[in-house]
Amino acid sequence: RRRHTRLLTVTGVQTCALPISAVTASDTSWLRALSSGVKTRPDIAMRLSVELTETIALENIEETARFVKALRDLGVRVALDDFGAGFTSFRNLRALAVDTVKIDGSFIKDLAGNVDNQVFVKTLMGLADSFGLSTVAEGVETVEDAIHLAERGVGYLQGYYFGRPTVEPPW
């Protein structure tokens, strides 16, 4: 599936979420290039969030944990994307030391009418709060779901409810 870089405004600062592939996550030359770039432009690191899918993160948990640590040491935030779609245990989530978990959209679809998904989101929010993680809900498509998530304390919402992807600038 094709992924796109997304811009998000957080407290007045535009940030860039950069989804990466498993190949990129294990490519030491990519990490060296990023490191070199943020050392010459430290303002970039504070505005960058690298997103790893849960599936990628679990392929080699020790290697992924080292990769996440290297990114965080550079000042880059790290998000665990599609959370809930795989089999992340509490131990693995703690070992990865990510900043953000992005709740997989399959748990968000028709959230207001799906009790099982409501239980999952409630449980995940308790876990995220305990670990001090920020949360993003993917795939928000209705006002009811947006309200439900906001009331449960989900920090960020993304999805078609807020706008469809476009190549046209919003200005």
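Mentor: Let's start with F120, which is partly exposed, with a relative accessible area of 23%. On that scale, buried means under 20% relative accessible area, exposed means over 50%, and partly exposed is in between, using a 1.4 Å probe and protein chains only. Keep in mind that this is a predicted model, where local features need pLDDT of at least 70, side-chain atom pairs count only at pLDDT 80 or more, and totals for chains, interfaces and linings use all residues. Residues are numbered from 1 along each chain as its sequence is written, and side-chain values use heavy atoms, with hydrogens and water left out.

Now for the rings. A pair of aromatic rings is described by the distance of the centres and the angle of the planes. Here, rings of Phe, Tyr and Trp (its six-membered ring) pair if their centres lie within 6.5 Å; planes under 30 degrees apart are called stacked, over 60 edge-to-face, and the rest tilted. That rule gives three aromatic pairs. Among them is W30 with F67: the ring centres are 6.2 Å apart and the planes sit at 40°, so this pair is tilted. W30 belongs to helix α2 (residues 28-40) and F67 to helix α5 (residues 61-73), so the pair ties together parts 37 residues apart in sequence. Helices (H or I, at least four residues) and strands (E, at least two) are DSSP runs, numbered from the N terminus. W30 counts as partly exposed at 22% relative accessibility, whereas F67 is buried at 5%.

Back to F120: its ring pairs with that of F107, and this pair is stacked, at 3.9 Å centre to centre with 15° between the planes. F120 is in helix α7, while F107 is in the loop between β5 (100-103) and α7 (115-131), so the pair links parts that are 13 residues apart in sequence. F107 counts as buried, at 17% relative accessibility.

There's also a charge to look at around a ring: the charged end of R164 sits over the ring of Y160, 3.9 Å from its centre. To qualify, NZ of Lys or CZ of Arg must be within 6 Å of the ring centre and within 35 degrees of the ring normal.

Next, the inside. A nonpolar core is a set of buried Ala, Val, Leu, Ile, Met, Phe, Trp, Tyr and Cys residues joined through side-chain atoms within 4.5 Å. The largest one has 39 residues, and those with the most contacts inside it are L52, L71, L80, L93, V98, V101 and L149. Helix α7 gives the most to this core, with five residues. L71 brings us back to W30: leaving aside neighbours within four places in sequence, L71 is in contact (heavy atoms within 4.5 Å) with W30, L31, L34, V50, V76 and V78.

On to the charged side chains. Side chains of opposite charge can pair when their charged atoms come close. The rule for a salt bridge is a side-chain nitrogen of Lys or Arg within 4 Å of a carboxyl oxygen of Asp or Glu, and the structure holds nine of these bridges. One of them joins D43 and R41 at 2.8 Å, N to O; D43 is partly exposed at 29%, and R41 is partly exposed at 42%. K69 also bridges to D73, with the closest N and O atoms 2.8 Å apart. K69 and D73 are four residues apart in helix α5, so about one helical turn separates them. D73 is exposed, with a relative accessible area of 55%.

E141 and K109 meet in a salt bridge too, at 3.9 Å, N to O. E141 lies in the loop between β6 (134-137) and α8, and K109 in the loop between β5 and α7, so this bridge ties together parts 32 residues apart in sequence. E141 is partly exposed at 42%, while K109 is exposed at 54%. Finally, salt bridges that share partners join E51, D81, K102 and E138 into one network.
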